[in-house]
Amino acid sequence: MNVKHTVGLSSTEIAGLWTTYINDSISICISKHFWQHATDDNVRSLVKKSLELSQKHTVEIKKIFEHEKFPIPKGFSDDDVNLNSPPLFFDLFPLSYVYGMSRLGLVAYGIFVSNVARQDIRAFFSQCLQSTIELYNESVNLLLAKGIYDRPPMIPYPDHIEFVQKKEAFISKWLEKKRPLNVLELSEMFFNIERNYFGLVLLTAFIQVTKDKVIQQYLIKGKELAQRQIHFLNHTLIKEDLMGSIMVNSEVSTSTTSPFSDKLIMNLVTMLNTQGITFIGHALSTSSRTDLAGEYSKLIPEILQYGKDGADILIDRGWLEEPPHAPNRKELAML
């Protein structure tokens, strides 16, 4: 006899659904602005697919929450996007945006799938992961077709494999600042440069259209933090006779009218900053050269502090939607 147990949502399932709803509601607003102004048919089609996926996710999550009698997050809506504003970015940046955000989505959905147990929630996040893989592949193919995909550094193939012979000598060589970069370190360096360039374009645009001086100064601080990361990583690559990545500054238009609410801008920057901590932490875990490990170790507290400063602004403005949390048992017991 098959016995089916009816169980509620666990804390990890709520976390995944709630986070996805908030992030997709942001993506819907941004995709609507991109789609409104896209003139390249291929880019417009890709942005439309991204928009439809985000809309589908929010509808399905809303159904799950309604069935569970769980409060629907407020998230973001048409009140947070001005579709009458001029384009803030040139036509190819939406392609880069879909590429960058789908890469983040692959990481997030992979974690969510492995964290949930209820069959319907596993099925939902598995479908999210599969559709995001398809979106990512389409974005890479389009970047390649347009000749704007920035490939990671190439290295000569080794002609043999190596094993460690002496532990002491290996550790000394492995931690040596001057040893050649290995492929694990190169990969992390390249994608952290790419991620920071992506953030730099967004911050440049948001600084240009934001009228609130407190928020503007916060965004300028974030831009400087991204620039320092790019400079260190690029400088390290150049010293190793490896070409660094070159930023394309022409992604941002001259518009000074914001398509997005300050609330959306601040929440998006905070979300991307949180992802930055994840990726820098991963880079630290795979990098053994002392100069890289030292720089990554210094960056993490800076990124954390920047995130706290952003959270303070959001809280002061009443813009930070609080994630569902466990009850305060001591407060309930009046202890």
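Analyst: T20 counts as buried because its relative accessibility is 4%, where buried means under 20% relative accessible area, exposed over 50% and partly exposed in between (1.4 Å probe, protein chains only). T20 lies in helix 1; helices (H or I, at least four residues) are DSSP runs, numbered from the N terminus. Leaving out residues up to four places away in sequence, T20 touches I61, Y109, F112 and F125, contact being heavy atoms within 4.5 Å.

This is a predicted model, in which local features need pLDDT of at least 70 and side-chain atom pairs count only at pLDDT 80 or more, while totals for chains, interfaces and linings use all residues. Residues are numbered from 1 along each chain as its sequence is written, and side-chain values use heavy atoms, with hydrogens and water left out.

A nonpolar core is a set of buried Ala, Val, Leu, Ile, Met, Phe, Trp, Tyr and Cys residues joined through side-chain atoms within 4.5 Å. The largest one has 71 residues, and F89, Y97, F206 and L219 touch the most other members. Elements giving two or more residues to this core include helix 1 (11-37), helix 2 (41-67), helix 3 (93-115) and helix 4. Helix 6 supplies the largest share, 13 residues. As for F206, its contacts beyond four places in sequence are L88, L219, F260, I265, L268 and V269. A second, separate core has 14 residues, among them I14, I64, F112 and C128. F112 is also one of the residues that T20 touches.
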